Amino acid sequence: MRLKTKIAGLCTIAVICGIAALTWALQPAIAPISSAAPMTNDPQMLTRGQSVVALGDCMVCHTSNSGAPYAGGLPLRTPFGTIYSTNITPDPETGIGSWSLAAFRRAIRHGVSRDGHLLYPAFPYIHYTQMTDKDIEAAYAYLMSRTPVNYTPPDNELPLPLRFRPSLAFWNMLYLRPGERQTVPGADHQIQRGHYLVNSLGHCASCHTALNAIGGEAKAMLGGGTVDGWEAPSLTTLGSTKVAWTAKQLESYLRTGLSAEHGAAKGPMRAVTERLAEAPQADVEAIARYIMSIQVTADAPLQQTASHNMPTQQGATLFAAACASCHSASAPMSASAQRPSLALSHSVNSDNPANLIQTMLGGVPWAVPHSAIYMPPFADVLTDEQIISIAQYIRADIGKLPPWQDLPQKVVHARKEIHP
Amino acid sequence: MTTKINLNGIAKTTDSAPSSPLLYVLRDELKLNGAKFGCGLGQCGACTVLLDDKPVFSCLTPLAAVADRRVRTIEGLGSADAPGPLQAAFIKHQAAQCGYCIAGMVMRAQALLEKLAHPTEEQIREHMEPNLCRCGTHMRILAAIHEVAASGVLHAKKGLK
């Protein structure tokens with residue numbers, strides 16, 4: 001009898017969940033609009049939209065390395081497979097030209113495409129859902145005023161079960177809380193604004209929070225994650241670096257891609273700083289202040305080790321020819337261009353060698369207009385063993401820190417995964 | 001200390017310090033002056049040579065890193081009397097003005113044309129992007145590369161290296 005009750009109870013719960021998921025999965029199409037012409041010529045609305053789109057980093061994902069702005073096609077390598085970003089130019093055939101504001105708002109708030117299919121959470125609707133109506137409208141107006149590009153991105157490369165999009169409804173039940181949120185009660189206006197920009201528009205947690213087995217964000221919000229083979233550092237322990245971050249340094253780093261005390265923005269963060277360079281300064285200041293307000297007491301600041309007993313002669317020899325012309329203390333780049341010493345770089349001081357390895361293999365590519373930050377790639381110059389030697393030398397002799405235990409495996413892995 | 005390298009198909013032993021950049025070893029010890037010193041920072045490409053068939057900046061390539069690996073320089077592609085296909089095309093299209101960048105340009109183009117039989121205009125431009133020319137002969141450089149690319153001759157020779 002008790003067993004039967006339990007089974008009946010479980011069945012009821014399953015049915016309720018099923019119905020709930022079904023209602024989330026079955027979304028109607030929203031009728032297409034006919035005109036692809038700009039919806040508004042209101043310059044104030046467009047300026048606001050430009051800021052919203054910059055702060056939301058839309059372009060970072062929705063533009064491929066060789067493609068037109070907002071036309072999509074950038075491969076996003078997730079643990080589940082590769083997803084190609086979509087075309088969000090106002091092209092009616094391949095972009096969002098036939099989307100009404102209502103369709104756009106539903107995509108932002110609920111992760112649903114105009115025709116009703118569910119979007120993959122690589123699109124950060126779990127964060128964008130908190131956007132204000134006004135910001136959604138401004139972003140829509142701005143995107144609809146862009147040049148339409150007729151381009152269809154490549155098909156996603158996902159295993160079969162994940163290609164069945166209605167299954168995303170279950171994921172949404174776990175992680176999507178639709179709608180605007182209250183911000184930080186009692187905080188001043190700037191912190192409130194920073195909270196909104198970091199957690200909603202900026203969706204910082206998409207990279208800077210670890211993901212669980214089904215791609216949900218872990219509990220330690222902004223506690224650090226990985227993206228595309230790069231370490232996205234913790235944003236809540238910025239005091240435990242060799243030089244503790246200040247709000248001023250963070251703001252400057254976010255707007256210029258370079259901090260004289262911490263190093264340069266690299267990998268996926270580079271593009272984020274390029275977009276923030278276009279955003280209102282007051283907003284970037286708010287982001288920096290909010291982030292500094294959520295610091296948790298972490299371990300004591302990094303302690304340098306007085307000595308190490310690692311053989312680093314080979315690394316020193318290679319460093320002298322390959323790296324020293326820019327990275328030695330006496331090199332013009334250090335002496336007159338005021339670039340930070342490698343001893344201060346997060347890539348060197350992190351417990352995770354991923355970012356140093358990535359930078360050595362792939363360099364820091366030219367980017368216009370931020371071309372002053374550049375490093376050539378060394379993947380074709382140095383063997384894995386040589387990369388390891390140099391990394392060991394930098395970590396021990398320049399960083400004065402204990403060795404990375406997993407360095408060799410990480411180098412082999414990085415080259416295989418990212419630079420095949 | 002000596003270092004053994006395979007230079008233009010010939011085994012060579014050098015006496016330079018292992019911490020020397022390859023460019024200095026090529027020019028100062030081995031007297032191969034084709035590769036040029038431009039910036040010394042891997043930003044201009046004048047020093048480009050091929051290391052295991054891939055283009056690298058020899059100014060930032062440690063001698064210690066190329067031990068027992070294959071290095072090719074412009075001198076390995078041909079001579080003034082018998083220029084290689086790219087060298088001949090660069091001469092035909094008068095792709096050099098001051099000429100300082102040209103050895104690096106030819107070597108980077110060589111790597112591409114050995115790898116791809118018929119690269120597109122976009123692929124050529126993207127591949128040549130790290131090498132700078134201050135005289136502005138880029139259109140002639142591209143024309144020379146296109147001509148050799150159309151013949152496919154370097155790709156066909158790939159197996160004979």
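## Domains of chain B

The domain assignment, which is automatic or comes from a database, divides chain B into domain 1 (3-76) and domain 2 (85-160). This is a predicted model, in which local features need pLDDT of at least 70 and side-chain atom pairs count only at pLDDT 80 or more, while totals for chains, interfaces and linings use all residues. Residues are numbered from 1 along each chain as its sequence is written, and chains are lettered from A and ligands numbered from 1 in the order in which they are written.

Taken over C-alpha atoms, the centres of domain 1 of chain B and domain 2 of chain B are separated by 20 Å. Their contact (two residues are in contact if their C-beta atoms, placed from the backbone, lie within 7 Å) takes 14 residues from domain 1 of chain B and 13 residues from domain 2 of chain B. On the side of domain 1 of chain B that touches domain 2 of chain B, strand E3 (48-51) and strand E4 (54-57) of chain B each supply at least two residues, and the largest share, three residues, comes from E3(B). Helices (H or I, at least four residues) and strands (E, at least two) are DSSP runs, numbered from the N terminus. By class, that side of domain 1 of chain B has eight nonpolar, three polar and three charged residues, where Ala, Val, Leu, Ile, Met, Phe, Trp, Tyr, Cys and Pro count as nonpolar, Asp, Glu, Lys and Arg as charged, and the others, Gly among them, as polar.

## Contact between the chains

Between the two chains, the contact takes 18 residues from chain B and 13 residues from chain A. E4(B) gives the most to the side of chain B that touches chain A, with three residues, and by class this side has eleven nonpolar, six polar and one charged residues.

## Chain A as a whole

Chain A has 20 helices and six strands. Its radius of gyration, taken over C-alpha atoms, is 24 Å, close to the 22 Å that the globule rule (2.2 Å times the number of residues to the power 0.38) gives for 420 residues, so chain A is as compact as a globular protein of that length. The C-alpha trace of chain A spans about 70 × 65 × 50 Å along its principal axes.

Of the 420 residues in chain A, 40% are buried; a residue is buried if 20 or more other C-beta atoms lie within 10 Å of its own, exposed if 12 or fewer, and partly exposed in between, with C-beta atoms placed from the backbone. Among the contacts in chain A with a separation of 6 or more, 66% are between residues 24 or more positions apart.

Helix H2 (residues 43-55) of chain A has 13 residues and reaches 18 Å from its first C-alpha to its last, close to the 18 Å expected at 1.5 Å a residue, the expected span being 1.5 Å times one less than the number of residues. Gly49(A), Val52(A), Val53(A), Ala54(A) and Leu55(A) are buried in H2(A), and what covers them includes helix H3 (58-62), helix H6 (133-144) and helix H9 (189-201) of chain A. After H2(A) comes Asp57(A), whose phi is positive, near 55°.

Gln314(A) lies in helix H14 (residues 313-322) of chain A and counts as partly exposed, because it has 17 C-beta neighbours inside 10 Å. Its C-alpha atom is separated by 7.6 Å from that of Ile390(A), 76 residues apart along the chain.

## Confidence

Among the elements of chain A, helix H1 (residues 2-25) has the lowest mean pLDDT (69) and H13(A) the highest (97). Chain B averages a pLDDT of 95, with 97% of the residues scoring at least 70, and the predictor gives the complex an ipTM of 0.93 and a pTM of 0.89.

Note on methods. pLDDT is the predictor's confidence in each residue, from 0 to 100.
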